[in-house]
Amino acid sequence: MESTAHPLAHPDGSPIRVLVVDDEPDLAEVLAGVLAYEGWEVRTAGDVASAVAEARSFRPDAVVLDVMLPDGDGLAVLRELRAGQPEVCVLFLTARDSVEDRIAGITAGGDDYVTKPFSLEEVLARLRGLLRRAGMTRARGDAAVLSVGDLVMDEDAREVTRAGEVVELSPTEFELLRYLMRNPRRVLSKAQILDRVWSYDFGGQAHIVELYISYLRRKIDAGREPMIHTVRGAGYLLKAAPW
């Protein structure tokens, strides 16, 4: 496998940090080797306890996380990650036939998943996509501020506020909101959102869009005049709430 001509890195040039959590040592070692070849800094863990400890000390930008671990499940690691680093990108590894694992992982706040057995190229592609969506590899000169009504997004600082109050978002929630804010008062279909935010059709599971729209509504619209609207049979739109 060839490394990319321009490896992804932080805007300051420091390497991307990735934590690989899997109880199969051989698989974890192969994944770590491939990611290190990308120029990224990689650590591994084989259970919940060590994964949580590594996450606290290593502060990864992204985590490749097996759902099933010997002392629990990856969801416990995910909860710990999100509590301390809401912006971290999480790519779940799941069994091919375990639809429940996939839904549980995404519902708990995972950003994407790949099913075992998988190709190393697929894992790399998914991670690159997540990191780009999270803005971790973005050039510093490309700052932009989006504003729709009292909702403001600072893309460079990756900060969202509504009526001056900070709204904490996961990387995928941030990218979904950015797409909506770049297209105010425009109805966006589920297919358009899947293509732009997830860059693929998520196995045809358009309900993932509904799920993340509900997450955004809880964070953006809770206790306020709603800004995110459903257009039945067509999609979703964002518009400024009446003052």
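Phe174 counts as buried, because its relative accessibility is 2%, below the 20% cut-off for buried residues. The model is a predicted one. Phe174 is part of helix H6. Leaving aside residues up to four places away in sequence, Phe174 touches Met153, Asp154, Glu155, Arg158, Glu159, Val160 and Leu169. Between Phe174 and Val197 there are 9.7 Å in space, C-alpha to C-alpha, and the two are 23 residues apart in sequence.

Helix packing was examined for H6 and H7. Two packed helices are described by the angle between their axes and by the distance between those axes. Helix H6 spans residues 171–181 and helix H7 spans residues 190–198. Their axes come within 10 Å and cross at roughly 125°. H6 is therefore oblique to H7, and the crossing of the two helices is right-handed. On the H6 side, the contact is made by Thr172, Glu175, Leu176 and Tyr179. H7 contributes Gln192, Ile193, Arg196, Val197 and Trp198. By type, the residues of this contact comprise 5 nonpolar, 2 polar and 2 charged.

For the protein as a whole, 8 helices and 13 strands were assigned. The protein has 243 residues, of which 47% are buried; Phe174 is itself counted as buried. The accessible surface comes to about 11200 Å², and carbon and sulfur atoms account for 51% of that surface. Among contacts between residues at least 6 apart in sequence, 60% join residues at least 24 apart.

Conventions
Residues are numbered from 1 along each chain as its sequence is written. This is a predicted model: local features need pLDDT of at least 70, side-chain atom pairs count only at pLDDT 80 or more; totals for chains, interfaces and linings use all residues. Side-chain values use heavy atoms; hydrogens and water are left out. Helices (H or I, at least four residues) and strands (E, at least two) are DSSP runs, numbered from the N terminus. Buried means under 20% relative accessible area, exposed over 50%, partly exposed in between (1.4 Å probe, protein chains only). Contact means heavy atoms within 4.5 Å. Accessible areas come from the Shrake-Rupley method with a 1.4 Å probe; for residues, only the protein chains shown count as cover. Axes are lines fitted to C-alpha atoms, for helices over the stretch in contact, and angles run from 0 to 180 degrees between N-to-C directions. Angles under 35 degrees count as roughly parallel, over 145 as roughly antiparallel, 65 to 115 as roughly perpendicular and the rest as oblique. A crossing is left-handed if the near helix is turned anticlockwise from the far one by less than a right angle, and right-handed if clockwise. Ala, Val, Leu, Ile, Met, Phe, Trp, Tyr, Cys and Pro count as nonpolar, Asp, Glu, Lys and Arg as charged, and the others, Gly among them, as polar.
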